[in-house]
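Me: I would like to go through some of the labels used for this structure and see what each one rests on. Please set each value against its cut-off.

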Amino acid sequence: MPPPSEYRLPPIRAVLVVVAVFAVLSHFSAVHHSESYSASVSSVRDKLGLGSDGMPLGARVRLGQAAAGSMASHGASMWNDDRVAELNSSTRANATFFILARNSDVWDILKSIRGMEDRFNHKHHYPYVFLNDQPFDDDFKRLTSSIASGPCSYGLVPKEHWEEPAWIDETKAAAARQKMAEEKVIYGDSKVYRRMCRYESGFFYRHELLRPYKYYWRLDPNVQYCASREPLRPKPKSRRHGLTLWSGGCFVTRTVCDLDYDPFRYMQDHGKKYGWTISLYEYEATIPTLWQHTKDFIDRHPQYLPEQNLMEWISPDQGKTYNRCHFWSNFEIADLDFFRGEAYSRYFDHLDRAGGFSYERWGDAPIHSIAAALFMKRDQVHWFHDLGYRHEPFQHCPQSAKDRCACDPRSQQNFESHWYSCTPKYKELQPDWKAFP
């Protein structure tokens, strides 16, 4: 005789469902609360050839290569208004992340992408454009595309955009590098660093893979968007050029706050052309003649300077001298059409002919900053004061976002109030900086 119904065992399928639900819930709980378990899961995922979203890495790479190949083959022609409208929904801008890197930078790049995905892009899936002066290898493509939620495109920098132009006297340039090395100027003896600065100043926006886009967000290797919940408590490490350098924190550079809005859309919707977080003075030894060449250019082309520009932020004496203030371009969100425009293009060509990228050590940051201050209206430049960001040795911690940040707004490391910061002067000239959002 069968047992009473209240004593019957549940069907095997019901038991399996309960066990499966329990296992899934336990898995997600452990992933988020146990670093060792999370690391084990990542190891198994790597062995199985799966990305963080469960998609086979080969498929992710093929998607990225298809996007890159399609754009490389068709250039701007495939990006007509209908195509742009189709690919960019009402909640997204026509924008991309841009990364200039070498194959050996892959692990530092992964930190940058992982942080950007965790803090922002997992909700938006903006694409990534990677450029290199050498072909990217399969490992670089596989690893980067496995954690990026948007399509990845990989391009080669043309040699004529990377190597020194024909008019550079290499003997003179080598002597300049040697002199800077003796004077211990940072990166003073590096030819590769100079090539990078020149490329970031005048060529990256011309690449065919960036041609379809309106806005870009620059990501550098070792830019880390750290998800630490603890306040940063670094200790003094050393001094260089009169600045205290710090050690501590989780990685070299990071955004320390969640992004609960889309900076690309903010730029688009409010007519902004250049966005920044940290400003400071450039090392004088790297740009001794940059301002004189800039003055020569604006004397010849005053038509490029609009009324209500930011000249006063970089020159307190109406253009006679340069105070060396610039935006730190390791964080930079900007309108690519500005760089493609006549004023900036002619300004860069003028500087390039002067040879300061080789004979001195002109950086892309002061050149972008001077151009933004001179050739944009001041209301087209935006300080992302609500966006937490850290680049050794300084950080910007928003004063009004404590509930979503992993930084102490009262910390002495907040660069906004540092004596070497140019932000107080910017706030003085832009009294409506609090108007966001």
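Me: Leaving aside neighbours within four places in sequence, which residues is Trp313 in contact with?

Reply: Contact means heavy atoms within 4.5 Å. By that rule Trp313 is in contact with Ser279, Asn323, Cys325, His326, Phe327, Cys422, Lys425, Tyr426 and Leu429. This is a predicted model, where local features need pLDDT of at least 70, side-chain atom pairs count only at pLDDT 80 or more, and totals for chains, interfaces and linings use all residues. Side-chain values use heavy atoms, without hydrogens and water, and residues are numbered from 1 along each chain as its sequence is written.

Me: What makes Cys325 and Cys422 a disulfide?

Reply: A disulfide is a pair of cysteine sulfur atoms within 2.5 Å. The sulfur atoms of Cys325 and Cys422 are 2.1 Å apart, and the two form a disulfide. The count by this rule comes to one. With -90° about the S-S bond, the link is left-handed.

Me: Why does the pair of Cys325 and Cys422 tie together parts that are apart in sequence?

Reply: Cys325 lies in strand 10 (residues 325-327) and Cys422 in the loop between strand 14 (394-396) and helix 17 (423-429), so the parts tied together are 97 residues apart in sequence. Strands (E, at least two residues) and helices (H or I, at least four) are DSSP runs, numbered from the N terminus.

Me: Why is Cys152 called buried?

Reply: Buried means under 20% relative accessible area, with exposed over 50% and partly exposed in between (1.4 Å probe, protein chains only). Cys152 has 2% relative accessibility, so Cys152 counts as buried. Cys197, at 1%, counts as buried too.
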